[in-house]
Amino acid sequence: MSAATHTAPQNTIAQSIAADMDAVNAVIRRKLHSEVSLVNQIAEYIISAGGKRLRPVLVLLVANAYSYKGTAHHELAAVVEFIHTATLLHDDVVDESSLRRGRATANALFGNAASVLVGDFLYSRSFQMMADLANMRVMQILSEATNVIAEGEVLQLLNMHDPDVSQERYLQVIRSKTAKLFEAAAELGALIAGASEPQIAAAGEYGRSLGTAFQLIDDVLDYAGDAAEIGKNVGDDLREGKPTLPLIYLMENGTPEQRQLVRTCIEQGDEQHFDAVLAAVTSSGALDFTRHQAEIAAERAAEAIAGLPESAYKDSLLQLAHFSVNRTH
């Protein structure tokens, strides 16, 4: 797939909410400010790294799809981005990661202690912003999401270096750790726009399925991606002893030799045999299987919003579902 092909949907989506994203970025800059210079320095470093901003985009697209005319969706989009950024700061410390979005991680640059504490600052700032909105339902959605994400992080920790993790156990981690914030973002967009309960639930299903598709493709790219393009080290999952879906499939369907190789690599966090593992996950169909599961999730996302009124925003949401599985970064 050419670069033009996989960036076009993002460009179209960005154009449809360009003014909203400018407003969100203004909120982010304003709310990031702290009297403590190191907080400003690290927060600015993380936020300026960019990324796809998918979760704020979901808030904006869904709110606009339901013809929302206020400005509270800008605040909510910023809150969701702060929560996501806090999880990244903590994630990178736990995973001992050195590269994210093509740059050194905050923990690699500023140290673990500073990264954890600034992550705490972002969490607490996001809850200040939620309180200012004075909407109990918003508080319920986001407090539940942050709690489930924390549980997902612990579940993932329990799965580390365990070659016997099942597909169901792993998908539970994805639903908690990644898909939950996508779900919350989409629900918030519908909620703030005054959508009905069934519509809010449908938006949540869209977000949950979209988040699942994105994570599964991330799992594929960790073996079949390009480090410069995906912005992190290829093979990080293997180094960290993470049994992601391609490895789980291989453990369930590979040859005895392949299963033993994967078992050893997961148990030891062994990336020295990355080439052999890559050959095994490719030849066994593990990557194709994982990609197919992502495609099923993306289709489920598209079906969830079939009832949305036709608009450029609905088109963008459908494009996002398509992009989630047809991307190289």
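This is a predicted model: local features need pLDDT of at least 70, side-chain atom pairs count only at pLDDT 80 or more; totals for chains, interfaces and linings use all residues.

1. F182, F214 and F323 are linked into a cluster by ring pairs. The count of aromatic pairs comes to four. In one of them, F182 and F214 are stacked, with 6.0 Å from centre to centre and 25 degrees between the planes. Because F182 belongs to helix α9 (residues 167–192) and F214 to helix α10 (residues 197–224), the pair ties together parts 32 residues apart in sequence. F182 is buried, at 1% relative accessible area, and F214 is buried too, at 5%.

2. Y223 and F274 also deserve a look: their ring centres are 5.8 Å apart and their planes lie at 10 degrees, so this pair is stacked. Y223 sits in α10 and F274 in helix α15 (residues 274–283), so parts 51 residues apart in sequence are tied together. Both Y223 and F274 are buried.

3. Now the largest nonpolar core, which has 69 residues; L58, L142, L188, Y206, L210, L317 and L320 touch the most other members. Helix α5 (residues 72–95) contributes the most, with ten residues. Apart from this core lies another, of 30 residues, and Y223 and F274 are among them.

4. Do check how helix α4 (residues 54–65) packs on helix α17 (residues 312–325): the angle is about 145 degrees and the axes are 8 Å apart. The crossing is left-handed. On the α17 side, Y313, S316, L317 and L320 meet α4 residues including L58 and L61. The contact residues comprise nine nonpolar, two polar and no charged.

How values were computed: Residues are numbered from 1 along each chain as its sequence is written. Side-chain values use heavy atoms; hydrogens and water are left out. A nonpolar core is a set of buried Ala, Val, Leu, Ile, Met, Phe, Trp, Tyr and Cys residues joined through side-chain atoms within 4.5 Å. Buried means under 20% relative accessible area, exposed over 50%, partly exposed in between (1.4 Å probe, protein chains only). Helices (H or I, at least four residues) and strands (E, at least two) are DSSP runs, numbered from the N terminus. Axes are lines fitted to C-alpha atoms, for helices over the stretch in contact, and angles run from 0 to 180 degrees between N-to-C directions. A crossing is left-handed if the near helix is turned anticlockwise from the far one by less than a right angle, and right-handed if clockwise. Contact means heavy atoms within 4.5 Å. Ala, Val, Leu, Ile, Met, Phe, Trp, Tyr, Cys and Pro count as nonpolar, Asp, Glu, Lys and Arg as charged, and the others, Gly among them, as polar. Rings of Phe, Tyr and Trp (its six-membered ring) pair if their centres lie within 6.5 Å; planes under 30 degrees apart count as stacked, over 60 as edge-to-face and the rest as tilted.
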